[in-house]
Amino acid sequence: MVWFLGLGIGGLVLLVLSLVFDGVLEGVLDGLGGGLDGVLSLPVIAGFVSALGFTGAIVLGTTGTGAGAAAGAGVVTGVGVAWLTWRFSRALMRDGSAPAPRGEDLTGTSGAVVTGIPAGGYGEVLLHLAGQPVKYAAKADVPVARGTDVWVESVLSPTSVTVRPVER
């Protein structure tokens, strides 16, 4: 049983090393077919080894069968875990992210004045770009007091906008 537990713990250590060194250890498997769309990637191998070891230890400790039966059960479980790990990693790699937000996306959004805006001068507004609060320099045609809700009419530069007070 100690051998199986050693394999399980060794697989977990391999997984942690692959996460900590993030790709440095992947070069070891490049010559062995690691480029086969991640089939022999370190997370897949770590999942296989851990499942083999822990399943073997469980089967050996609970059923009293020999090491051969425990190893067979571990291999079957290890192949299943390796396949799931490979599929999961492929799904994550295919996951395309949304395009990065641009300044033009601010036109028509609402925000609040942080620093009062004098007529024809600049103040500051807090806007939300891609769900994140961002402070911009703001210009308005009329004076706008601190705390007033505003709409962005246009983007003047990457750091400044033209706003107007929200009419309620």
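**Close-up views of the predicted model**

**View 1. Helix H1 passes helix H2 in a left-handed crossing.** In this predicted model, H1 spans residues 2–20 and H2 spans residues 42–63. Their axes come within 7 Å and cross at roughly 155°. Angles over 145° count as roughly antiparallel, and H1 and H2 are therefore roughly antiparallel to each other.

**View 2. Residues of H1 meet residues of H2.** The H1 side of the contact is formed by Phe4, Leu5, Leu7, Gly8, Ile9, Gly11, Leu12, Leu14, Leu15 and Ser18. On the H2 side are Leu42, Pro43, Ile45, Ala46, Val49, Ser50, Leu52, Gly53, Phe54, Gly56, Ala57 and Leu60. Sorted by class, the contact of H1 with H2 comprises 16 nonpolar and six polar residues, with no charged residues.

**View 3. Helix H3 and its buried residues.** H3 runs over residues 67–94 and has 28 residues. From its first C-alpha to its last, H3 reaches 40 Å, close to the 40 Å expected at 1.5 Å a residue. Buried in H3 are Ala70, Gly74, Gly78, Ala82 and Trp86. An α-helix has 3.6 residues a turn, so residues three or four places apart point the same way. The cover over the buried residues of H3 includes H1 and H2.

**View 4. Ala130 in the loop between strands S2 and S3.** Strand S2 covers residues 122–129 and strand S3 covers residues 132–139, with Ala130 in the loop between them. Ala130 has 60% relative accessibility and therefore counts as exposed. Arg102 lies 28 residues from Ala130 in sequence, while the two are 9.4 Å apart in space, C-alpha to C-alpha.

Conventions
Residues numbered from 1 in each chain as written. Predicted model: local features only at pLDDT ≥ 70, side-chain atom pairs only at ≥ 80, totals over all residues. Heavy atoms only, no water. Axes fitted to C-alpha atoms, helices over the stretch in contact; angles between N-to-C directions. Helix = DSSP H or I, 4+ residues; strand = E, 2+ residues; numbered from the N terminus. Parallel < 35°, antiparallel > 145°, perpendicular 65-115°, else oblique. Left-handed = near helix turned anticlockwise from the far one by under 90°. Contact = heavy atoms within 4.5 Å. Nonpolar A, V, L, I, M, F, W, Y, C, P; charged D, E, K, R; others polar. Expected span 1.5 Å × (residues − 1). Buried < 20%, exposed > 50% of the residue type's maximum accessible area, 1.4 Å probe, protein only.
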